[in-house]
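Hi,

Here is the structure I promised to pass on to you. My notes on the ligand site follow below it.

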Amino acid sequence: MRLYIDSANLEQIAYLNDYFPIAGVTTNPSIIVKEKKPYMELLKEIRGIIGEEKELFVQLIGDTAEEMMAEAQYINRAIAGKVVVKIPVTTEGIKAIKLISAYKIPVLATTIYTSMQALTASMAGADYVAPYVNRIDNLTGNGIKVVQEISELFSAYNCKTKILAASFKNVQQVHDVCLAGAHSVTVSAELMGKLIDFPSTNADVAAFKKQWQGYYGMDKQSLN
Ligand code: E4P
């Protein structure tokens, strides 16, 4: 399981990269414009924080496959380290996935609502597919079930493509896609903290410390 930060906020990324087992950062146009900065400057700053080994996902905005191919080459040249381009699964997007993956630039097929979109993107050469779990749920669909179907199809056809599940509103959805066969998830900064937050854990830790200091003295803050 690999965990990604779904944000372009530099403070959030620096904090989460320091504390959590992060594999990289995913962005999309909405996430980038929220930061109100020139996008290339922002992407390079994110790269500076996470280093060159962790993946940085950048979504293409071109309308045609040829435009997306030119964008992918530009982004790949301009940003150092491991860059993955995100391509929406439209008809032009599928053509772009074929072109760009043949050019050996890593590709994530995004805005996925159905398992057939994921399977087609995989056949076109996508390294990752991103089913939009919460957005599927919002349409009276079942995001977890779509992830499970993709996982079954990828197993049945020996697809190398990884499932990077995206669009979450709560920890339960993240938990359920992990069980449904997702290889990785991308979550917001708010949700990342909630993955491990549980009141009993904090209460237990406080009680251990109190007992320890009750016996060894209040000045005993650590074992060394
Ligand atoms: C991933 O990068 C997706 O774009 C993102 O998770 C979508 O999330 P949202 O549905 O909360 O906007």
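A polar contact here is a pair of N or O atoms within 3.5 Å. This is a predicted model, in which local features need pLDDT of at least 70, side-chain atom pairs count only at pLDDT 80 or more, and totals for chains, interfaces and linings use all residues. Residues are numbered from 1 along each chain as its sequence is written, and side-chain values use heavy atoms, with hydrogens and water left out.

On to the ligand. A polar side-chain atom of S167 lies 2.7 Å from one of the ligand's oxygen atoms. The side chain of K86 places an N or O atom 2.6 Å from a ligand oxygen, and the side chain of R135 has an N or O atom 2.6 Å from an oxygen of the ligand. Taken alone, the ligand exposes 340 Å², and the protein buries 79% of that (accessible areas by the Shrake-Rupley method with a 1.4 Å probe).

Around the ligand (a heavy atom within 4 Å) are D6, T26, N28, K86, Y132, R135, A166 and S167. By class, this shell has 2 nonpolar, 3 polar and 3 charged residues.

Best wishes

How values were computed. A polar contact is a pair of N or O atoms within 3.5 Å; within protein, one must be able to donate a hydrogen and the other to accept it, and residues adjacent in sequence count only if both atoms are side-chain atoms. Ala, Val, Leu, Ile, Met, Phe, Trp, Tyr, Cys and Pro count as nonpolar, Asp, Glu, Lys and Arg as charged, and the others, Gly among them, as polar.
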